Amino acid sequence: MSLTGKDKAVVSNLWGKIALNSDLIGAEALGRMLTASPQTKTYFSHWSDLSPTSEQVKKHGAVILKAIGEAVEGIDDLKLNLSRLSELHAFKLQVDPNNFKILSHSIQLVIAMYYPKDFTPEVQVSVDKFLQNVALALSEKYR
Amino acid sequence: MVVWTESELSIINSIFSSLDYEDIGPKALCRCLIVYPWTQRYFGGFGNLYNAAAIKSNPNIAAHGIKILHGLDRAVKNMDGIKETYAELSTLHSEKLHVDPDNFTLLGNCLTIEIAAKLGDGFTAETQGTFQKFMAVVVNALGKQYH
């Protein structure tokens, strides 16, 4: 489901509104994912604290959302722009790509919580497609 | 059998007792039809679904959203027997409506998002975890009679 010009504009526009809070959104999204989908905790067994308020979780959530912001900037060629991250997830982290869907849902839910008026269904279509394409680009190097 | 803690039961009851069915039901179904347009395949007889505006103003869709949400009441009232509670509805969705059970998860996700949007940070991580567990059990029960 490739991104149209309209999708890209919607995503860019929304990112413009939420970028300032990206650390918070990232922290919440990751924290919620670990709580609501506990099977995802298996990828973070090296952390001492996996609760939503953990500093490790908050820090890493911010890292993830920052990377997503960079993906927004590089939206015209996600495969190229996410190539390094794809290698990381494929060869080092070896995250089952199904989990990208789980995190995507979590991110969208947090955006809906903090920006209910902006995260209309019409906006969500483009965001869901974008995150799906990010996930695809991240899975590129897997096999 | 699914085990519910006292806390989980309390959270689910609290969500549903303060839920505005007439508001959230239509919104959740509309969101599903707009965000995942292939789900429209099951609503051929419901009138105009041509674009987001049409979907949102379609009275048949609104009514059906409310109906679906009330359908969840059955599970809330029978938390220890959700599988049995939905046996008949599962057969209906499989043999009469021919709904791909993956779609149940999509609608469940849209409902979760609408509730999150309504409650804001009142929708804590613990609440979310419990609600998603509840929806997963419901979805599983609705898929049970497919063969």
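**Notes on the predicted model**

1. Ser86(A) is located in helix α5 of chain A, which covers residues 83–93. The model is a predicted one, and the remarks here should be read accordingly. Ser86(A) has a relative accessibility of 0% and therefore counts as buried, the cut-off for that class being under 20%. Leaving aside residues up to four places away in sequence, Ser86(A) is in contact with Ala137(A), Leu138(A), Ser139(A), Glu140(A) and Lys141(A).

2. The next point concerns the interface. How many residues does each chain bring to the contact? Chain A contributes 21 residues and chain B contributes 21 residues. Between chain A and chain B an area of about 1800 Å² is buried, and carbon and sulfur atoms account for 63% of that area. Of the area that chain A buries against chain B, 29% comes from Arg32(A), His105(A) and Pro121(A), which is more than any other three residues supply.

3. Polar and charged pairing across the interface can be stated briefly. The rule identifies 1 salt bridge between chain A and chain B. Glu122(A) is paired in a salt bridge with Lys56(B), and the closest N and O atoms are 2.9 Å apart. Residue pairs in polar contact between chain A and chain B number 6, with both residues at pLDDT 80 or more.

4. Which helices of chain A each supply at least two residues of the side that touches chain B? They are α2 (22–36), α6 (98–114) and α7 (121–139). The most is given by α6(A), with 7 residues on the side of chain A that touches chain B. By residue class, that side of chain A consists of 11 nonpolar, 7 polar and 3 charged residues.

5. The fold of chain B comprises 8 helices and 0 strands, so that the order of elements from the N terminus reads α-α-α-α-α-α-α-α. Why can chain B be called as compact as a globular protein of its length? Its radius of gyration is 15 Å, close to the 15 Å that the globule rule gives for 147 residues, and chain B is therefore as compact as a globular protein of that length.

6. Further values describe chain B as a whole. The C-alpha trace of chain B spans about 45 × 40 × 20 Å along its principal axes. Of the 147 residues in chain B, 51% are buried. Among contacts in chain B between residues at least 6 apart in sequence, those joining residues at least 24 apart make up 74%.

Definitions and conventions. Residues are numbered from 1 along each chain as its sequence is written. Chains are lettered from A and ligands numbered from 1 in the order in which they are written. This is a predicted model: local features need pLDDT of at least 70, side-chain atom pairs count only at pLDDT 80 or more; totals for chains, interfaces and linings use all residues. Side-chain values use heavy atoms; hydrogens and water are left out. Contact means heavy atoms within 4.5 Å. Buried area is the accessible area (1.4 Å probe) that two parts lose on being put together, summed over both. A salt bridge is a side-chain nitrogen of Lys or Arg within 4 Å of a carboxyl oxygen of Asp or Glu. A polar contact is a pair of N or O atoms within 3.5 Å; within protein, one must be able to donate a hydrogen and the other to accept it, and residues adjacent in sequence count only if both atoms are side-chain atoms. Helices (H or I, at least four residues) and strands (E, at least two) are DSSP runs, numbered from the N terminus. Ala, Val, Leu, Ile, Met, Phe, Trp, Tyr, Cys and Pro count as nonpolar, Asp, Glu, Lys and Arg as charged, and the others, Gly among them, as polar. The radius of gyration is taken over C-alpha atoms; the globule rule is 2.2 Å times the number of residues to the power 0.38. Buried means under 20% relative accessible area, exposed over 50%, partly exposed in between (1.4 Å probe, protein chains only).
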